[in-house]
Amino acid sequence: MFLSPLGVAPLLSKMSMDVTFLGTGAAYPSPTRGASATVVRFEGECWLFDCGEGTQTQFMKSNLKAGRITKIFITHLHGDHFFGLPGLLCTISLQSGPATKTLPVDIYGPLGLRSFLWRTMELSHSQLAIPYVVHELVPTPDQCPEEEWKELSFVDRDEPFSKQIQGKTIYLDPAEDSYPLVDNEHFVMKAFRLFHRIPSFGFLVEEKPRVGKLNVQKLKELGVHPGPIYGKLKEGVTVVLENGTTISPSDVLAEPLPGRKVCILGDCCGMVGEGAASLCYEADLLIHEATLDDTQMDKAKEHGHSTPKMAAQFAKLCKVKRLVLSHFSQRYKPTSQIGEGDMDVSELKSQAELVLDGQEVVLAEDFMTIGIPMKKAR
Ligand SMILES: [Zn+2]
Ligand SMILES: [Zn+2]
């Protein structure tokens with residue numbers, strides 16, 4: 001891992017980042033809306049968030065390649081969010097040539113996911129050609145109604161899981177009120193707690209700030225010409241010139257460029273603790289569920305779900321730049337596909353925009369892609 005002493009990532013040329021929705025429906029997949037699956041793509045790498053039934057065929061219909069998946073995140077263990085996972089892994093494995101993948105696919109999800117995957121693969125005699133590891137998040141009992149809580153810490157504890165899939169067990173960091181998942185050269189990823197019928201999580205993908213521009217004019221005035229010294233300064237190293245002049249990086253570097261932030265929430269009717277609000281603060285993109293419309297708020301809450309108003313209130317609290325609603329009940333059809341007895345999903349957009357004082361809200365549709373442009377200096 002390379003991180004300069006300034007704590008910022010090196011400046012790469014393009015670093016494209018976008019989000020594609022492969023499934024925007026609740027409860028089950030239908031011809032108009034697949035079950036939950038969202039892909040964040042960064043420089044050709046795919047990170048999959050949730051993997052409802054049929055996600056592999058959604059991949060095939062899209063311009064994304066399932067073979068590019070390096071990380072998978074599961075928000076919670078309701079079937080519409082992870083029943084597609086064993087099938088997807090088997091297909092990626094079938095399509096991968098011998099020894100094409102050496103790095104394992106990292107899978108993050110709630111406690112119990114490792115056991116589910118291991119048993120499914122064992123019972124179906126599926127031998128994956130691709131290595132994978134499962135990192136489990138340990139939920140807290142306040143993430144669901146008391147009667148729904150299941151103590152899973154001891155499930156399969158003594159089973160001879162293949163060492164291959166044994167990842168980390170990740171506990172809540174009480175100081176940050178979040179779960180640390182990934183911290184590499186370019187990104188930090190964390191999980192935070194949501195309240196649902198069963199424990200559910202949201203995920204933060206945050207790009208690290210990038211090194212600001214060098215003030216070439218100033219360097220020239222100091223008698224420094226393009227060369228290795230420029231590189232050192234960009235890496236955050238203080239330089240002493242032959243004439244004894246000391247140049248510290250902050251003298252000649254502009255402010256670091258802020259990184260991009262995307263937050264993807266699992267099913268929820270509320271947050272647990274402060275983690276969600278603090279991590280989602282000023283997100284460039286917040287993807288929040290809105291299963292039912294505002295006229296059915298009581299029903300939504302009873303089932304642990306949100307409405308557009310609830311999602312927008314959270315987005316407003318966090319001052320997010322763009323709110324995207326997803327996980328719609330299958331009764332809400334895209335405007336172009338409304339049949340008899342269907343409801344127009346655009347009503348949900350209006351309900352959310354009302355809370356956000358007209359700020360535009362996006363309704364996710366299957367195969368929609370949203371680009372996240374690089375930021376300029378503040
Ligand atoms: Zn769901
Ligand atoms: Zn759910």
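Asparagine 63 has its place in the loop between α1 and β4 (69-73), where helices (H or I, at least four residues) and strands (E, at least two) are DSSP runs numbered from the N terminus. The model is predicted, so that local features need pLDDT of at least 70 and side-chain atom pairs count only at pLDDT 80 or more, while totals for chains, interfaces and linings use all residues. Residues are numbered from 1 along each chain as its sequence is written, and chains are lettered from A and ligands numbered from 1 in the order in which they are written.

Asparagine 63 counts as exposed because it has 8 C-beta neighbours inside 10 Å; a residue is exposed if 12 or fewer other C-beta atoms, placed from the backbone, lie within 10 Å of its own, buried if 20 or more do, and partly exposed in between. Aspartate 50, found in the loop between β3 (45-49) and α1 (55-61), is buried, with 28 other C-beta atoms within 10 Å. Leaving aside neighbours within four places in sequence, aspartate 50 is in contact (C-beta atoms, placed from the backbone, within 7 Å) with residues including Ser36, Thr38, Ile74, His81 and Phe82.

| Pair | Apart in sequence | Apart in space |
|---|---|---|
| Aspartate 50 and phenylalanine 82 | 32 residues | 6.0 Å |
| Asparagine 63 and phenylalanine 82 | 19 residues | 22 Å |

Elsewhere, helix α10 (residues 308-317) packs against helix α11 (residues 346-355) at an angle of about 35 degrees, with the axes 8 Å apart; axes are lines fitted to C-alpha atoms over the stretch in contact, and angles run from 0 to 180 degrees between N-to-C directions. Among the residues making this contact are Pro308 and Ala311 of α10 and Leu348 and Val355 of α11.

Notes. Contact = placed C-beta atoms within 7 Å.
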